[in-house]
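Thanks for coming. I will go through one model today, starting with the chain as a whole and ending with a few single residues.

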Amino acid sequence: MNDKRFLSPQETAASIVEAGRRVLTQPWQRTLVLSLLAGFYIAFGAQLAIVVTQDAAVYLGVGVSKLLGGSVFSLGLMLVVICGAELFTGNILLVKAALQKQIPWWKIGENWLLVICGNFIGAFFFAWLMIQTDLLLPEQMAANVIGIATAKSGLSFKVAFVRGLLCNWLVCLAVFMAVAARDISGKILACYMPIMAFVASGFEHSVANMYFIPAGILLSAKQGVSSPQLCWENFFVVNLLPVTLGNIVGGVIFVGGAYWFVYLRQR
């Protein structure tokens with residue numbers, strides 16, 4: 001029996017397909033602004049995670065530190081879902097509408113390209129703003145920012161890809177549950193658990209990395225510290241490329257395609 005407080009999985013899948021039809025009529029300017037906002041929102045969550053985890057492991061242990069970091073990072077998706085924004089990793093679910101023949105496949109490519117560019121501009125601009133505040137300069141904070149960015153820039157292609165796949169499996173499940181929820185408290189809870197899980201587990205999110213790594217690069221440049229591993233080439237090629245591909249595969253296969261096959265294919 002379906003409780004009126006939330007949609008059944010089949011109703012949720014159908015609702016996502018209907019929402020995906022927006023790409024047929026939504027002006028590109030609106031999509032761009034909403035994608036800029038999503039970049040800002042994810043960066044807010046990422047910055048909060050940096051602040052919380054800078055010394056938590058010393059006093060509470062590594063596991064609890066990761067739990068706290070994931071908990072506050074979930075703010076980003078809450079803002080995207082409740083306030084409204086276009087997030088690349090969430091828009092992977094547009095494949096449901098294409099599989100259902102409600103939108104053409106080329107529209108998905110067009111939307112993904114515009115949205116990921118907008119997400120990057122928003123997240124990068126937020127990183128630049130944070131550098132201007134000098135809030136990242138204290139020694140422990142700076143070490144955390146640069147340490148996170150350096151570690152992400154040194155992953156192998158396979159590791160980054162698989163971590164990206166697992167990440168967006170959870171992110172798309174969070175979006176799926178948030179669509180199913182009928183009130184704000186339900187949407188907040190739907191966003192919190194999967195996002196906390198992926199951050200605490202150490203998975204890789206392409207849009208979050210658009211803040212984490214540029215912030216580390218900009219901060220190291222401001223401090224006059226150079227690292228061969230922490231550079232723009234490694235950001236784009238070593239991390240962002242495989243993580244983005246992993247995000248696409250994880251969302252398309254394990255959430256978008258799977259739930260379309262289960263609930264919508266016969267229809």
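Buried residues make up 48% of the 267 residues in the protein chain; buried means under 20% relative accessible area, exposed means over 50%, and partly exposed is in between, with a 1.4 Å probe and protein chains only. Before going on, note that this is a predicted model, in which local features need pLDDT of at least 70, side-chain atom pairs count only at pLDDT 80 or more, and totals for chains, interfaces and linings use all residues. Residues are numbered from 1 along each chain as its sequence is written, and side-chain values use heavy atoms, with hydrogens and water left out.

Now the secondary structure. The protein chain has 12 helices and 0 strands; helices are DSSP runs of H or I with at least four residues, strands are runs of E with at least two, and both are numbered from the N terminus.

What about overall size? The C-alpha trace spans about 60 × 40 × 35 Å along its principal axes. A compact globule of 267 residues would have a radius of gyration near 18 Å, and the protein chain agrees, because it has 18 Å. That radius is taken over C-alpha atoms, and the globule rule is 2.2 Å times the number of residues to the power 0.38.

Next, contacts, meaning heavy atoms within 4.5 Å. Of the contacts between residues at least 6 apart in sequence, 84% join residues at least 24 apart.

Helix α4, residues 62-73, has 12 residues and reaches 16 Å from its first C-alpha to its last, close to the 16 Å expected at 1.5 Å a residue. The expected span is 1.5 Å times one less than the number of residues. Which residues of α4 are buried? They are Ser65, Gly69, Gly70, Ser71 and Phe73. The cover over them includes α2 (28-53), α3 (56-60), α5 (75-84), α10 (184-201) and α11 (206-223).

Helix α2 also holds glutamine 47. Is glutamine 47 buried or exposed? Its relative accessibility is 9%, so glutamine 47 counts as buried. Leaving aside neighbours within four places in sequence, glutamine 47 is in contact with Phe126, Met130, Leu136 and Tyr211.

Isoleucine 116 sits in helix α7, residues 105-133. Isoleucine 116 counts as buried because its relative accessibility is 17%. Not counting residues up to four places away in sequence, isoleucine 116 touches Phe88, Met210 and Thr244. Leucine 155 is 39 residues from isoleucine 116 in sequence and 21 Å from it in space, C-alpha to C-alpha.

Proline 27 lies in the loop between α1 (9-20) and α2, and its relative accessible area of 43% is why proline 27 is partly exposed. From proline 27 to lysine 158 is 131 residues in sequence and 37 Å in space, C-alpha to C-alpha.

Alanine 258 is in helix α12, residues 232-263. With a relative accessible area of 29%, alanine 258 is partly exposed. Apart from neighbours within four places in sequence, alanine 258 is in contact with Val252 and Ile253.
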